[in-house]
Structures are given as C-alpha cells and as structure tokens.
Amino acid sequence: MTTRKSRRRAVTARKAPAVAGAHLLSDSEMRRIAERVFKMSDADETEVHIDVTSDALTRFANNAIHQNVAEQTLTISVRTVLDGRTARATTNQTGEESLQRVIAASCALARSRPKNPRVLPMPGPQQYSRVQRFFDATAAATPADRARAVREVCALAERNSQTAAGIFSTGAMQTMLANSRGLFCSYTQTRAEFSVTILEKDSSGWAKANSPNVSALKPAELAARASQKASGSRNPRELPPGRYTVILEPPAVLDLVGFLFYDFAGTSVHDQRSCLTKRMGRQVMAQNISLWDDVYHPLQLGAPFDGEGMPRQKVQLVNRGVPENLVYSRVTAKQMKKKPTGHGFALPNEWGEAPMNLVFAGGNSSVEEMIASTDRGILVTRLWYIREVDPYEKVLTGMTRDGTFLIENGRVAGGIRNFRFNQGLLEMLSNVELLGPAVRATGEEAFEMVVPAMKVRNFHFSEVTKF
Amino acid sequence: MWDLANWALDTARARGASFADARAMDIRQRDLSTKNGEVGTLAENESIGIGIRVIASGAWGFASTDRLTREGVQACAAQAVAIAKASALAKRHNVVMAPEQAHVDTWQSPFIKDPFQIPLERQLDLLLAADQEMRRVAGVTLAETSMQFRRIEYWFASSIGSRIHQVKMQSGGGITATSFQGDEIQKRSYPNSFGGQHTLQGYELIESLDFLRHAPRVAEEAVALHQAAQCPEGTGTILLESGQLGLQIHESVGHPIELDRVLGQEANFAGMSFLTLEKLNTLRYGSEIVNVVADARLEHGPGLGTFGYDDEGVPAQCTDIIKNGLFTGYLSNRETAAAIGLSRSSGTMRTESWNRLPIIRMTNVSLLPGAWKFDDLLADTGDAILMETNRSWSIDDRRYHFQFSTEIGWEIKGGKKTRMLKNPSYSGITTEFWNSCDAICSREHWTLWGTPNCGKGQPMQTMGTGHGAAPARFRNIKIGAAFSKV
C-alpha cells in the first residue's frame, strides 16, 4: 500500500519542490486515497474531500523579524449517506486505521440523526472550466527570500525614522473532491501576501497586497506608500463626529461590502435573516452599483467548484442597484424552486451557500480625482473591527485606522484622529458619487474581492477616539 | 508521542538551535447544530501533529507537521532551524527569555461526564427538543441550537528539560430564537450569544444549562422585542448583566494588557495598546472597587483559560491586573517578560493547535465580585437601563474607544425593572468607563463565561478565553449612539 511518505517523495521527483520544502500531491495520488476510502465504506454513498495546505509566514515588528513559521497539513474528510441520513468526519492521518476510523465515525454520526427527506443523491461527474492560478515563483519562495524583502522594508522605515510591522506569506493549497458516483474535481493554487504598517509617534500608515504570483507583490512600493501615509498624518487633529463625504480606498470598501456576501445566499433569504428579504427586484442601491459573483474573473482566486463538486457559475447579483439574483446550493435550489449555481458549502451544514468571489463594477475616477472633486471630506485608508449592528438595515459599526485624512478644497489637508462609524450599508451604496477602477483588494475583515474605491456622501461618523 | 518530541529536540540541537521546544497535540472535536427542526452540522474532526519552535542564530523559527514518523519530525525540526537562521537576516538583537525551571508533570482538567461517550442521539434529541420549544412561539422565524465538544491532549517537551502532559476537555452549547417582522430582525440567545456558554467541563455543563426550560422565554422575548420601545439616546446609568460584562472585560481589559501588543508585535493586525509601559502601577484604570485578575489556575474555575501549564511550559498563575482600580499587571511570555525587566513570564503563551506558534493570549481575565445583591442594586439604582446578552462589539486598535450593543434592554425606573427596550447600545473610552463603575454584584451572581472565538495572530489563531463577572453598574455612560438617526 502506498504510504504518505512515499507519495510525497514521488511528487518531489515529479516537479519542482513546492513551498519551503513542502510537497503537493498529484491528482492520481489524491484519487487513490479517495478510492481506498470508497472501498472501505459500506455507506449508500460516500464523498471524500482532501485539502493540502503548505504555508509559510514571516512576521516582523519593530523593524525586525519576530515570528517566522511554516506548516504542512493534509486533511481527509469523509461524508457518508445512509438511508437519507448524512454526516461528516475528518482526520489528518492517512494510515489504514485512520481512514477506517473516519469512515466509521462518519457512518455512526449519520445513523444517529433522523432521516431527512431533503438529503439529495450525490451528483455524478461534472464538467469544469479550467483556471490557472499556480505560480512556480510563489511555490519556490524560501524563508530567506521573505527575510531579504522584509530587511529592505525595515531599512526603509529606519531611514525615515519610522517603525515597520507586517507579514510576508507565501504558500500553496490543493483541494480535491470525489464521490462514489464518479464525480472528481481538484484545484491547486499558490498565494502570496504582503502587509505593512508603518508607525510614527502619533500616526501610522498601511498597505497590503495579495496575489497568487509572488512576483506581482512589490513590498518596497507598499512600504513606501505606508510610510507616506504615516508621515502625512502626523499631528492628527480632532474633528467633530457627523456626516461627511468620504473617499474609501479599495481595502476600506472591501471590508464594508464584504459584510453583504451572505445576504445573497438563497438560504439566508429563505431563513429571513438576509437584508434582501422582501427587497429582491427593488432599487435598494444607486444605479452605479452592479455586482457579480465570478470565480473565473482574472483577479479572483478559488476553486471552480463548490462543496459538493458542482461547477461554480458566474451570477449577476445586482444590476444597476437592483438585487436580481441569489446563489443556491442543490438543496436550497430544490427548496426554493431555482437552479443550483454551484455555491454550496460542504454538507451537512445549516448555512447553505454563499457567493465567495464578489466582483463589483468599477468606474473611471482615480482616488486623486475623487480628492480633487471634494471641497471637504475624509479620506479613509483602512477600517477596523467592523461588526453588524442592525442585520436588516445592514448598519455596520467600526473604526478608521492607519491613515485617515481631512480633505479641504480638493487637497489632502492632513491627518485626523480616528472615527467610529455607524453606517447603513444599503444607504451607503445608494450614496456613491464616484467609482474607481475595480481592483483586487485585501483587508482584514472580509475575504479578498474585486472592488473599486468609492466616493460616498453623508457617511455617518458617530464618535471619535483619542488617536 | 514523547519519542516524537525527543526526535524534534535532538534534531534541532544537532542543527545548531540554542533552544527548542516541541508540542505534540491530539485534538478531537464534535460539532452538532440544528435549525428549524432539522439537524444542520453533524461532524467530528481529529487532528494530530507536532509544532517545533527553536532559537538559532539568536532568532526564532517554527515549523509544524502532521507526518508523525521519525523522518517527518526530523525534517520539520530541521526546517524550523533553517527558518530561524533566515529570521536572523532581519534581527535587531538576539532573543532573550526570562528564566524558567524545567517541569515534569501531568495535568488533566476535571470533568464528570465525557461528552464523547454520551450517545449522539441523546445530544441531538436535546437540541431538537429545544429547537421545537422555540418554534412553538408564534412569530419565531428561525430557531437554532448547537453543541461543541473538544478534547485536547498535549505532550510538551523543551530543551531545558521540561516534559509536560496535559489533557483538557471543553464543552459548549447554546440556543437562539430569531424573529423577522416588518423591517426588523430581532434575536434572543441563551445562555449567551455566539454559541452560548463554553467551559472546561464535560457534558455536565450542557445538562446544567437546561435548554428546555429557557427555550420558551428566549423565543417569547425575541418576538416581543418588535413591540418594545426603542432604547433612548443620551447619557445615563447602565447595568450590565454578567455575560455582556464578560465581553466588555475581554475587549477593554484583556486585549490591552497583552504585552506583545504593548511592545508593538501585533501592530500590523490586532493592533497595539494604550497601556504603554509607564502606565504600569501608575494608571488609575478603574474605580476603587474594580479588581481584575488573569487567573489560569483551576481554583479560579473551569474556564477556557484554565490549564496546568502554558504552551511554553510555564505553570498557571494568577496575576493582579487591576488592584483597587490601579493598573498593576500585563499578560506576558518569557520573551516579553525579559524585555521589560520582569523576573518571570506570567504564563500566558497559548496555541490554537499543533500547527500554530504559541502567542500571548488571555487566560481567565475576570472582574472579581463585589458585595451587592442584584435586587438591592436594582433598588438602589433609581433610573437606568439594564442591558443583556451581546449583539455587536467593536473597539479601536489601541483599545480606547468601544461600542457594544445588546440583544435586549430593560428600563429601570425608581429602582424597579419595568418595560422592555429594543436595540440598546452604549459606547465610551475604556478608562473613563471603568472609572465610572460604582457597584459590582456579589459572588452568588458571578459567572465564569467562556469566549470561544477570540482571534489574534498571523496566521490567525482562534482561542478560548475565560471571563468571570457579576452584574455591575456604570454611571454617566453614553447610550444609543449605534442606532442614532442623526
């Protein structure tokens, strides 16, 4: 029997070493694991989900590396169906005994639950569009590569009498899904991320980028941008809370609109917890807002199939301010008399599905043009600790952070103390005056999306903090 | 497992590490949930692996693997050393750690009923029955229940000679009723929001929560909130029940006292802290009656921050954080303790799993009880708003300015609990808030709450923390800003 150790050795010989000595599996190796599980399982139907992660992250603060980590993980998750009952068990061990144990656990869990007439037969083989998101340069990145980039960024900060903190991560992931009806799909991608905060005595700046291709990241440029924001926001003045015109850079937009993603789930509307309940087909945002879920967009990442192996479809969610479509898993689609869109989560779950690859329509205005067009307003680099205050009006609260500026007479007039906001998201998306080009944005509150910068009127800052 | 740890330490030493520790962990988890009468999540997970931390060339490296063979562990240890040597390319000084003795010990969290031995059917029957009880109330549009159980076994070994074996059993569960009417979604949860109560106990926790008794009340309140008056805006007195106060402690005391934040190590993500070093033993954090400890010892209670030893082999301790209102202590590890001249770590290094580096985390950060009986406090209060069960929470990245809203409020008039209020919220500045505390209820009203979802670190780690609290009163608090229509 093939052992995991020998599988990995074979992969190493087959292609260039992956991330920092880590190793990925071939399709045939993953398929063999799945077939071993199918042979051992006496369930009516069996699904196998394999995830391989190989990640490394270099973390720096106070102009030096202080944490530096790497991980290699593999999980095998088995879902069984017995007489209309289904459950899942997961292990990270590939030995015969572990696989038998995880199958037995999955079956025991399934038998324990009441029969559910909504459990569907597993889908058969599907056709998938190919996406190419694996970059050798990312897979081959070493701790020394990351350390040298960090050293350069720390040197920049020191030259400017500033302090740098951040991360530089590189990695690869694989996911494979197969079931006993013959469905098989797999996906491999690399990922790289650089994030930097530059600190001064009473100010800070931040920049971050994320790409499957490490060569597309420019740590020194990001650090220079963060450095300028820190120096430009020195001696922050305090402004009174109130309603302001704001210019939200793409990460700030991302971390706000990211809170909408689950509202577009069919299950969320069916459960009446979506802000779109009773609002589908109505003009609830400005006409300049259009939104898709599109895993195939060139700036998006992710597998072209969902948690059951159904092909993901491109879905237009909002057309000129009107929510038109939701996404559906197979079960939800049947319940709501719709067609599945390939957005289901791994079963069993109570959440159904969600669009995970949001793409907003952009515009033509640069941030500089937005600033130039603003008599008095606030430029926001980044938002922080965003939480939902009112789920139906979609009121969110949170703070500005790491570069908040007053705009006067079309120019940046200096840094200001950070604000707390309490802002309805649908209201905000009804007040968008200008849009920038849509870019791949990365923040901390939402997963990456393709969003534009936005100029928004009447944004509600409710309080101000002490820095 | 000890063989794995020994192979890791031997390899690290042979490759040039001046210090190494290894954590092998075996984690078992069971998750169950229901929604509107149907079973939702039904899953078990096992994860076994080893994480190896080293100092080489004066810098840190960490690597982890689930390849639990001699070859796999040795390769992982070698990788950790190589990473440490890369870290040295961008170091400012060599890592220095506060001294710690070697410990050889075994510790197990006590429990009465192993939740993994309780039949699944019994666990699901309880959740489905609570789900049904909530849906009996007209107007409930969504009934949800959940349970989660976790058993974690650790084998810790370090190059200073420690060998520590620990086993922890965690249990948690809760129920929630949601009601959508008109243009409003209202929700009530028991015993707390976001998954309920979580402790270092067995299934006896679930039995003690008595979901079936509370389900009808939770459902009725969720529906009744639609007809309740809006919580007024203004400045006034608030009473916080212990669950909400637990989260207030977590956000406005627990995080700012983390010494890695204070020293800038979390500046890029979790943020920093207003508790700069000169404030230790000088800052009036709260009023005279405010006493907060960080206590990981079992005698504090079965909290999610209770253990025998932390994840760098330092014994559980109790640290005074706020004593009679004065700020007196940080959460530290061996490295940050040395950095500010402390003689010893306060023992707060914790890791989510074998594949994560231990970092400074809250243990049980608790507000010690006062002397008030709750009914006496109500009677003494005059006019106020009582707020229960967290609904949203947010605080800035230095932990000054916060805003919380709760699921339900009650108007207190003339010392009596009167009408229900919907959408209550309050906000403020941390030290002003704690200095406005003028009454804390007694031990009989004190609960050690579990917060199972505290995120920190890069890569992100989710950790369980404990927060003991009794209801307390705060004066001159800003109320209602979250729902202001200005």
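Q: How far apart are the centres of domain 1 and domain 2 of chain B?
A: Domain bounds come from an automatic or database domain assignment. In chain B, the centres of domain 1 and domain 2, taken over C-alpha atoms, are separated by 21 Å. Domain 1 of chain B covers 2-227 and domain 2 covers 230-483.

Q: Before we go on, what kind of model is this?
A: This is a predicted model, in which local features need pLDDT of at least 70, side-chain atom pairs count only at pLDDT 80 or more, and totals for chains, interfaces and linings use all residues. Residues are numbered from 1 along each chain as its sequence is written, while chains are lettered from A and ligands numbered from 1 in the order in which they are written.

Q: How many residues are in contact between the two domains of chain B?
A: Two residues are in contact if their C-beta atoms, placed from the backbone, lie within 7 Å. Here, 45 residues of domain 1 of chain B are in contact with 40 residues of domain 2 of chain B. To sort residues, we count Ala, Val, Leu, Ile, Met, Phe, Trp, Tyr, Cys and Pro as nonpolar, Asp, Glu, Lys and Arg as charged, and the others, Gly among them, as polar. The domain 1 side of this contact in chain B has 16 nonpolar, 20 polar and 9 charged residues.

Q: What about the domains of chain A?
A: Chain A is divided into domain 1 (4-204) and domain 2 (236-467), with C-alpha centres 27 Å apart. In chain A, 26 residues of domain 1 are in contact with 20 residues of domain 2. The largest share of the domain 1 side, 5 residues, comes from strand 5 of chain A. Helices (H or I, at least four residues) and strands (E, at least two) are DSSP runs, numbered from the N terminus.

Q: How many residues does each chain give to the contact between chain A and chain B?
A: Chain B gives 69 residues and chain A gives 77 residues. On the chain B side, the largest share, 12 residues, comes from strand 2 (residues 38-56) of chain B. That side of chain B divides into 28 nonpolar, 26 polar and 15 charged residues.

Q: At what angle do helix 1 and helix 2 of chain B pack?
A: Axes are lines fitted to C-alpha atoms, for helices over the stretch in contact, and angles run from 0 to 180 degrees between N-to-C directions. Helix 1 (residues 2-14) and helix 2 (residues 70-87) of chain B pack at about 40°, with their axes 8 Å apart. So helix 1 of chain B is oblique to helix 2 of chain B. Angles under 35 degrees count as roughly parallel, over 145 as roughly antiparallel, 65 to 115 as roughly perpendicular and the rest as oblique. Among the residues making this contact are B:Trp7 of helix 1 and B:Val73 of helix 2.

Q: How do helix 5 and helix 6 of chain A pack?
A: Helix 5 (residues 143-159) and helix 6 (residues 219-232) of chain A pack at about 25°, with axes 9 Å apart. Helix 5 and helix 6 of chain A are therefore roughly parallel to each other.
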